[in-house]
Amino acid sequence: MAKGPALVSATAGRAREPIAAEPVIGLEIHVQLLTASKMFCGCAVAFGAPPNTLICPVCLGLPGALPVTNGRAVALGLRTAVALRCALAPESRFHRKNYYYPDLPKNFQISQYQYMDHPPLGSDGWLEFTAEGAPRAVRIGRVHLEEDTGKLLHVEREGAVSHTLIDYNRSGVPLMEIVTQPDLRSPAEAREFLIALRAMLQYLRVSSGRMEEGTMRVDANVSLRGADGAAGTRTEVKNMNSLRAVERALAFEAARQADLLAAGGTVTQETRHWDERRQLTFASRVKEEAQDYRYFPEPDLIPITVEQAEVERVRQTLPELPAQKATRYVSALGLSAYDADLIVRRPPFAAFFERALALYPNAKALANWLTGDVAGLLNAEDKEVDETPLRPEGLVALLRLIDEGRISGRIAKDLLPELVRGGADPSALVAARGLEQISDAADLTRLVEQALAAHPGAVEEFRKGKSRALTFLVGQVMKETRGRANPDLVNRLLRERLGG
Amino acid sequence: MDLSFLPVSEQLAQLRRREITPAVLAEAYLARIAALDPSLHAFLYVDADSVRAEARRWDARYAAGGDLPPLAGVPIAVKDLICTRGVPTTCGSQILEGWRPPYDATVIARLRAAGAILLGKTNMDEFAMGSSTENSAFGPTRNPWDRGRVPGGSSGGSAAAVAAGLAPWALGTDTGGSIRQPASLCGIVGLKPTYGRVSRYGLVAYGSSLDQIGPLTRTVEDAALLLEVLAGRDPLDATSAEVETLEMRRSLSDGGTGLRVGVVREGMGEGLESGVRKAVSQAISLLGDLGAEIVEVTLPTIGYALPTYYLLATAEASSNLARYDGVRHGLRVPAEGIYDLFARTRDRGFGAEVKRRIMLGTYALSAGFYEAYYLTAQRARTLVREDFDRALGAVDLLLLPTSPTVAFPLGARVDDPLQMYLADIFTIPVNLAGLPAVSVPCGFAGGLPVGLQLIGRAFDEATLLRAAAAYEQAAGWWRKVPPS
């Protein structure tokens, strides 16, 4: 959860070749909706089931099968569109997007397409977020619903594809597409926007929003705006499987275009793929012909109708969204805006924080631990807090041990990784390992005497006025007790003995 | 009358009185199929053993007494466009040869629950694209009244089977006339219900916004009886309507008195065979004699219906038929790359008419043509629908011939698609409007059956069938059966 990398690699992109022109970035985000069943049939949506076990005539596109819209998916789309302040179409239709590909069992995808009088579910919204410490807003062009495709597995033999297996478990899984206007001005800003959008989707319980698992997929349009303000030719960048990949791919692509232009070349409108291993984008091997998807209204489905009263009801039942939450943390709990943002941008983190806060009233101490040590450990493991055994009760117990003087902060920091990895009970750990803080003056006096006797040089230096020597001597006592000594008491006892 | 030609309503009465048993009934049809189908070719699949086994189960149920479902032990033939679990469903196409659906269409599930026995799957124009059943990949069906002529299409197998007494009744599907036109050409009753009345789940799609499953029967009463079983909202079909399914037979005997029937002027004009004109005119007189008020109405936009249909139905078909690619089911022609596999499978698997319509529809939806073709056709469809709504605001029913001609000779139109398309000129507008319509036998021209078409208001099949029944009972054509 460091604030750094976003800015660092954006700068790296610029450092490669100064970008005279400003990048213009628009994003197309597909998220998998958190529904129990698929978009147009009753098959379960589940991750990791054996291939082709979650299928039926509908999602297998068998002759005669018909789709029926999943009302829950529509409700989640509606909730998102309302939260993104979109205009809701009173009536929107599904369309067929026709193209041949073996992962698409009907050889058309049921999607929503904006054509003449056919609006998507939601359009013309916006999302506010913070980038590089400043408030920003990105316009949302559209929010619509569609179905996912199956998955192809190319089986290779002796370096060549011998055959392809198809798993249709994913076929028909509900997807929501969110398309931004080209309002983003840097790769770092794109990343911050995606973090904010993901947080919103998670608060709304609309999607798990995990790029690494494919429940959030991002494509980007990138162009450069010339000094004259005119937008340049754009490329579409695909195959970015993490936030970091998005940022690096966009930085690379912006720099690539700038290089091209600087050398007197022109940018070709094309689809480019991010190669994670080589850290570059490359044009699709096969030149894509201009695809004609022959969209037309899906005759097997009735239009989605949205009543204004329903929109109002959804608006009033929206959960607290990230921006509101951050404001409340600052005004009601006294957190810094920076800490509030760090907590709020990760919904599991915020949920953890709020549950801990109900047990332990010191919001600032909680926030310090969460945004500092806990976040550091989570980042190292690339996990969200709800994916670890750490519970609010455990962290609060740890903080209480400090408050009660039973362990030092230092010991607490040492124990934290065990809580995060193993969910240990801090009191039990402390008791079992004898980590309880030593606050007994007699015991500590003995240790202080030992330290003074063992380090006459330090005593000498202190008396000459070097206060650093005192720190050294405290450290020796701490070392002797493996951190268990009460540092304040050791300090006082030393000063008494040294007459300082 | 031969048991095989009895209306189902009468067969059910005899079954309930234990005068016949389901096994006797099944054997009667299996015997006729064995004797006559080699020359008619109405069926693509009959599993006699399973028919007999099921019939015996119903024999036991009748013997045991107690409550029985409404169609207990009655066989039914089903157009091969409707999915039947474990039973081959080819849609008349090479591309689905050998495919056995893992599921039953909703109508099949309803029929099974009602006690009906699946007698077999009937021949049809490939993917319901045609008006003569000559577009079947498995060879044409012949007209029971004249083996040298077509039975109409695309539900030609179902119509011929019922007309020849190879089945007591059958399911067909109607996208542009595919129930009514073959019913007319084979001299039986064919009902296309209101769009949304009968679930399409498990009906292999041709033109999704037009397709409807319906009965082909010997009598109007049988059509009503079968519709009662088929109709109703299905959660698996989003376009199936949430309307009350009335007891269709309740008003059947109310007669023709007080009905206002509008004769569509455009249906009685040029291009009509004189024999057809004569038979339909006599039917109009008879309806008048029965107490119906006959008025003339016009449907000025009806002339746009044919081109409109051939843009919309083919546009939908081009997308609906994309799934036949050799990957998951049916025919696969191996090739080096996946796109070659798609192309070769589709090239070998589809017949000429299917390819023609896929190309037409693909073109109509293509960038740059979409507005000129697809969108214009949608607007024209709205005009046609409004035209019908206006006309049906002033009358209870509309009347015109089902087909401008009687059955034509095999091969007469296969090289002239436009002539073939004109066979449905009076039925297609009804699909565009989504309305219910029935074809009832109204006499003969040159020894070949003529059909009278009645069109009703949306979801008012009851009035439609009442008028059809009144005419049918007074005219008595339904008793005529083809020579064996």
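This report describes strands, helix packing, a chain contact and backbone geometry in a predicted model.

## Basis

In this predicted model, local features need pLDDT of at least 70 and side-chain atom pairs count only at pLDDT 80 or more, while totals for chains, interfaces and linings use all residues. Residues are numbered from 1 along each chain as its sequence is written, and chains are lettered from A and ligands numbered from 1 in the order in which they are written.

Helices (H or I, at least four residues) and strands (E, at least two) are DSSP runs, numbered from the N terminus. Two strands count as paired if DSSP finds at least two bridges between them.

## Strand 3 of chain B

Strand 3 of chain B covers residues 117-122 and is mostly covered, with six of its six residues buried. Buried stands for 20 or more other C-beta atoms within 10 Å of the residue's own, exposed for 12 or fewer, and partly exposed for values in between; the C-beta atoms are placed from the backbone.

Strand 3 of chain B pairs with strand 1 (residues 43-45) of chain B in the antiparallel sense over two bridges. B:Thr122 in strand 3 is the bridge partner of B:Phe43. Strand 2 (residues 75-79) of chain B runs parallel to strand 3 of chain B, and five bridges join them. Here B:Lys79 stands opposite B:Thr122. From strand 2 of chain B the chain passes through helix 4 (residues 106-113) to strand 3, in a right-handed β-α-β crossover. Right-handed means that, with the strands pointing away from the viewer, the path from the first strand over the helix to the second runs clockwise.

## A sheet and a helix pair in chain A

In chain A, three strands form an open antiparallel sheet in the order 5-4-15. Its edge strands, strand 5 (108-111) and strand 15 (296-297), each pair on one side only. Two bridges link strand 4 (residues 95-98) of chain A to strand 15 of chain A, and A:His95 stands opposite A:Pro297 in strand 15.

Helix 2 (residues 71-83) and helix 5 (residues 308-316) of chain A pack at an angle of about 75°, with their axes 9 Å apart. The axes are lines fitted to C-alpha atoms over the stretch in contact, and angles run from 0 to 180 degrees between N-to-C directions. The two helices of chain A are therefore roughly perpendicular to each other, a label for 65 to 115 degrees; under 35 is roughly parallel, over 145 roughly antiparallel and the rest oblique. A:Leu78, A:Arg79 and A:Val82 of helix 2 meet A:Val311, A:Val314 and A:Arg315 of helix 5. The residues of this contact are four nonpolar, no polar and two charged. Ala, Val, Leu, Ile, Met, Phe, Trp, Tyr, Cys and Pro count as nonpolar, Asp, Glu, Lys and Arg as charged, and the others, Gly among them, as polar.

## Contact between the chains

34 residues of chain B are in contact with 24 residues of chain A, contact being C-beta atoms, placed from the backbone, within 7 Å. On the chain B side, helix 9 (305-320), helix 10 (338-349) and helix 11 (352-365) each supply at least two residues. Helix 9 of chain B gives the most, with three residues. This side has 20 nonpolar, eight polar and six charged residues.

## Backbone geometry in chain B

B:Gly153 and B:Ser154 are joined by a cis peptide bond, with omega about 10°. B:Ser154 lies in the loop between strand 3 and helix 5 (156-163) of chain B.

B:His41 is not a glycine, yet has a positive phi of about 60°. B:His41 is placed in the loop between helix 2 (22-40) and strand 1 of chain B, and counts as buried because it has 21 C-beta neighbours inside 10 Å. B:Phe459, also not a glycine, has a positive phi of about 60°. B:Phe459 sits in the loop between strand 11 (448-455) and helix 15 (461-475) of chain B, and with 20 C-beta neighbours inside 10 Å counts as buried.

Technical notes: Contact = placed C-beta atoms within 7 Å.
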